[in-house]
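Let's read a structure together, one question at a time. Have a look at the sequence and the model first.

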Amino acid sequence: MTESVDLTPPVVPPPADFEQATLPWLADVRRYAYRLTGSAPDADDLTQTTFLNAFRGWHTFRPGSDVRRWLFAIARNAHFRGRPRRERLVATEDAELESLAAATDSGRASAALEALERVDLAAGIDAEIARLPDAYREVVLMVDVEGLSYEEAAAQAGVPVGTIRSRLYRARRQLQQALIVRAEDVGLTGGLG
Amino acid sequence: MSDCGSGDDCREACKRLFGYLDGVLTVEQAAEFEAHLKRCGRCADAHEAERRLLAAIKSSEADSTDLALRRRILAALRSTTLPSAPPSG
Ligand SMILES: [Zn+2]
């Protein structure tokens, strides 16, 4: 032992690194948190929890991987952890996909297209994602926002791939319906000139 | 072209719509799907609607940072002590 100061780098990367790497994604994480919680104060709280959890787990971050996706996954885990899984959605795969097909088929397509042109999609989509049942919201966020494959999402949710697919399709269908309703409301109130 | 909206081809196409958008169809299935869209305006509309919906879901950027939230989080981070590194002597 010498008297020299200890110059070995700390095991945990210094906070400055962490802040530099993660803070540019603060607004994106906040938006993601809003999609999870559906309320501004809850989204703020979840965003803070996400950054604190990320800070504590910074040593587990694999350098070179996607910081933003890493933060999204932390937010999602923080939100769903400890939440009771209320809905046990029974999926009979083929029958479900059939009925989903039928829903698009019945002259909805042009209505949907028109609706998507009329509503403020960016604002509407966040609120409607937040209103999805937990199991659907989780899958939409994993696959469509975080970009996980069906297989990766299945592993994380602990359900078969077919269940992921049918939840995903149902969730998207539900979002589309909700946006059509929004567009109809806009039409009724003449909200958009 | 609207007469094909409820045919078997359309049912098949609608069933494959999300698979197509997610890029999980086989090459043959994708080609069949695309060929159907060329013939069928209704399915082409359905495809366009779903494509836009998916684009909206997938867009996850946010433009402005709430400065108050940023300050709040920075303060929380800086008052958090990490589990300390193993003592190195
Ligand atoms: Zn068709």
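Q: Is B:H47 buried or exposed?
A: In this predicted model, B:H47 has a relative accessibility of 14%. Buried means under 20% relative accessible area, exposed over 50%, and partly exposed in between, with a 1.4 Å probe and protein chains only. Therefore B:H47 counts as buried.

Q: Leaving aside neighbours within four places in sequence, which residues is B:H47 in contact with?
A: Contact means heavy atoms within 4.5 Å. With the neighbours within four places set aside, the partners of B:H47 are B:L17, B:Y20, B:L21, B:F33 and B:L37.

Q: Which residues coordinate the zinc ion?
A: Donors are N, O and S atoms within 2.8 Å of the metal (3.2 Å for Na, K and Ca), and water is not among the atoms, so sites may look incomplete. Here the donors lie at 2.1 to 2.3 Å, and they belong to B:C10, B:H36, B:C40 and B:C43.

Q: What arrangement do the four donor atoms around the zinc ion make?
A: Four donors count as tetrahedral if all angles lie between 85 and 135 degrees. Around the zinc ion the angles are 97 to 114°, which makes the arrangement tetrahedral.

Q: Is B:C10 buried or exposed?
A: Look at the relative accessibility of B:C10, which is 0%. So B:C10 counts as buried.

Q: Is B:C43 buried or exposed?
A: The relative accessible area of B:C43 is 6%. That is why B:C43 is buried.

A note on reading the model: residues are numbered from 1 along each chain as its sequence is written, and chains are lettered from A and ligands numbered from 1 in the order in which they are written. Local features need pLDDT of at least 70, side-chain atom pairs count only at pLDDT 80 or more, totals for chains, interfaces and linings use all residues, and side-chain values use heavy atoms, with hydrogens and water left out.

Definitions and conventions
Four donors count as tetrahedral if all angles lie between 85 and 135 degrees; four count as square planar and six as octahedral if opposite donors are over 155 degrees apart and all others between 65 and 115; anything else is irregular.
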